[in-house]
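Trainee: I would like to learn how to read helix packing, salt bridges and surface patches. Please take me through one model.

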Amino acid sequence: MADAPRDRRATHGFELPLLLFAGFRSLIDQLHAELAVQGHPDLRPAHGFALQAVGTAGTTAGELGRRLGVSKQAAGKTADRLEALGYAERTGDPADARRRIIRLTPRGVDALVRSAAVFEELRARWAESLGAERLGDLEDALRAVVPGPAFRLDAAGWFGG
């Protein structure tokens, strides 16, 4: 006997972005709760985007602003905050003495490494809850409808702008 089609309750278009955002928010909140336990209680979601945007090679404030979708001045303030918290430092650019490069400190690298591990644990929890195949289908479906590069770091600027 074939499986009967599942009834879906009536939904409205506005629910989809809210559900996607709620899933994102849930993951980020759980990440930051765990990072606080692991020694990073002062790290905020916007800092995570900024740490990713700085990357392992470092960057200038202007490029950081472009990556985050904010002004150079806003990026400079973000870099100031990361520096004050010990996640980043400014160093001279060997190629241009006028430029300063924002680089991750060992604490910043530690935060990113721990974040990656926590995200793996959170994904495993979702797989346990939904089933690995359903989670894979969800990820495939999202990849199919997300245009262009899926991993943009300008969410803070996009929300704020």
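Predicted model: local features only at pLDDT ≥ 70, side-chain atom pairs only at ≥ 80, totals over all residues.

Trainee: At what angle do H3 and H4 pack?

Mentor: Helices are DSSP runs (H or I, at least four residues), numbered from the N terminus. Axes are lines fitted to C-alpha atoms over the stretch in contact, and angles run from 0 to 180 degrees between N-to-C directions. H3 (residues 61-68) and H4 (residues 72-84) pack at about 100 degrees, axes 8 Å apart. H3 and H4 are therefore roughly perpendicular (65 to 115 degrees).

Trainee: Which residues make that contact?

Mentor: Contact means heavy atoms within 4.5 Å. H3 uses Ala61, Gly62, Leu64 and Gly65; H4 uses Lys72, Ala75 and Ala79.

Trainee: And how do H5 and H6 pack?

Mentor: H5 (residues 106-130) and H6 pack at about 115 degrees, with axes 6 Å apart. Arg123, Trp126, Ala127 and Leu130 of H5 meet Ala132, Arg134, Leu135, Leu138 and Glu139 of H6.

Trainee: How many salt bridges are there?

Mentor: A salt bridge puts a side-chain nitrogen of Lys or Arg within 4 Å of a carboxyl oxygen of Asp or Glu. The structure holds 11. One of them joins Glu63 and Arg66, at 3.1 Å from N to O. Those two are three residues apart in H3, so about one helical turn separates them.

Trainee: Which residues form the nonpolar surface patch?

Mentor: Patch residues have over 30% relative accessible area and no salt bridge; nonpolar side chains (Val, Leu, Ile, Met, Phe, Trp, Tyr) are joined within 5 Å. Accessible areas use the Shrake-Rupley method with a 1.4 Å probe. Here Leu16, Leu20, Leu138, Leu142, Val145 and Val146 form the patch, with about 500 Å² accessible together. H6 gives the most, with three residues.

Technical notes: Residues numbered from 1 in each chain as written. Heavy atoms only, no water. Parallel < 35°, antiparallel > 145°, perpendicular 65-115°, else oblique. Patch = residues over 30% accessible without salt bridge, like charges linked within 9 Å, V, L, I, M, F, W, Y side chains within 5 Å.
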